[in-house]
Amino acid sequence: AIRDALYDAFTLAATDADIRRVTLRSVGPAFGIGADLDEFGTTCDPALAHAIRGRTLPALPLARCADRLDVHVQGACVGSALEIAAFAARVTASPGAWFQLPELAMGVIPGAGGCVSVPRRIGRQRATAMILSGRRIGAATALDWGLIDAVMDQPPVDPGLLNSD
């Protein structure tokens, strides 16, 4: 559901020139932990499964509006969440944020655009190291590598405030 909502939002932003800025923040203590693992293995044909997920892959419209995307990460930023964040023109993170690409340990590669977005930010060697090792890096390393643009303390969005009038 989140992937589909992001696809719709990025598609709107990519097609509406009046949208000058797209801001992506999460609700709660983590930015995102990646794909819904329950979706994997629901079809016997891997190519069909990839085609199904690819229909609403947020990276496709995101690439067309990435120059207007501002992301702030707090807590975990894992898998597809990291891949999406890496497309942004500006990425900031809270001091306690951490980043990881664990897909290889699950027998897949970063399939949400991370093979493009992450190397653009940190280079092929560091991206390869993250992908092959599955190792977590903290905000300080992410800043040093260029994965994020600044470390800044912003509180997570309070889910209780989303429905207030």
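Two strands count as paired if DSSP finds at least two bridges between them, and helices (H or I, at least four residues) and strands (E, at least two) are DSSP runs numbered from the N terminus. With that in hand, let's start the tour.

Before you click, note that this is a predicted model, in which local features need pLDDT of at least 70, side-chain atom pairs count only at pLDDT 80 or more, and totals for chains, interfaces and linings use all residues. Residues are numbered from 1 along each chain as its sequence is written, and side-chain values use heavy atoms, with hydrogens and water left out.

**Stop one: the sheet**

Select β1, β2, β4 and β7. Together they form an open sheet of four strands, ordered β1-β2-β4-β7 with parallel pairing. Its edge strands are β1 (22–24) and β7 (150–151), each of which pairs on one side only.

Now look at the join between β1 and β2: three bridges link these strands, which run parallel. Pick Val22 and you will find it opposite Leu69 in β2.

**Stop two: strand β2**

Strand β2 is joined to strand β4 by four bridges, and the two run parallel. Here Asp70 stands opposite Arg90 in β4, while Val71 stands opposite Val91.

**Stop three: helix α5**

Next, select residues 114–122, which make up helix α5. Its buried residues are Gly114, Ser117, Val118, Pro119, Arg121 and Ile122. What covers them? The cover includes α4 (80–85), β4, α6 (124–133) and α7 (139–145).

**Last stop: Gly123**

Step just past α5 to Gly123, which takes a positive phi of about 90°. You will find Gly123 in the loop between α5 and α6. Gly123 counts as partly exposed because its relative accessibility is 23%.

To finish, draw a C-alpha to C-alpha distance from Gly123 to Trp145: the two are 22 residues apart in sequence and 8.6 Å apart in space.

Definitions and conventions: Buried means under 20% relative accessible area, exposed over 50%, partly exposed in between (1.4 Å probe, protein chains only). Contact means heavy atoms within 4.5 Å.
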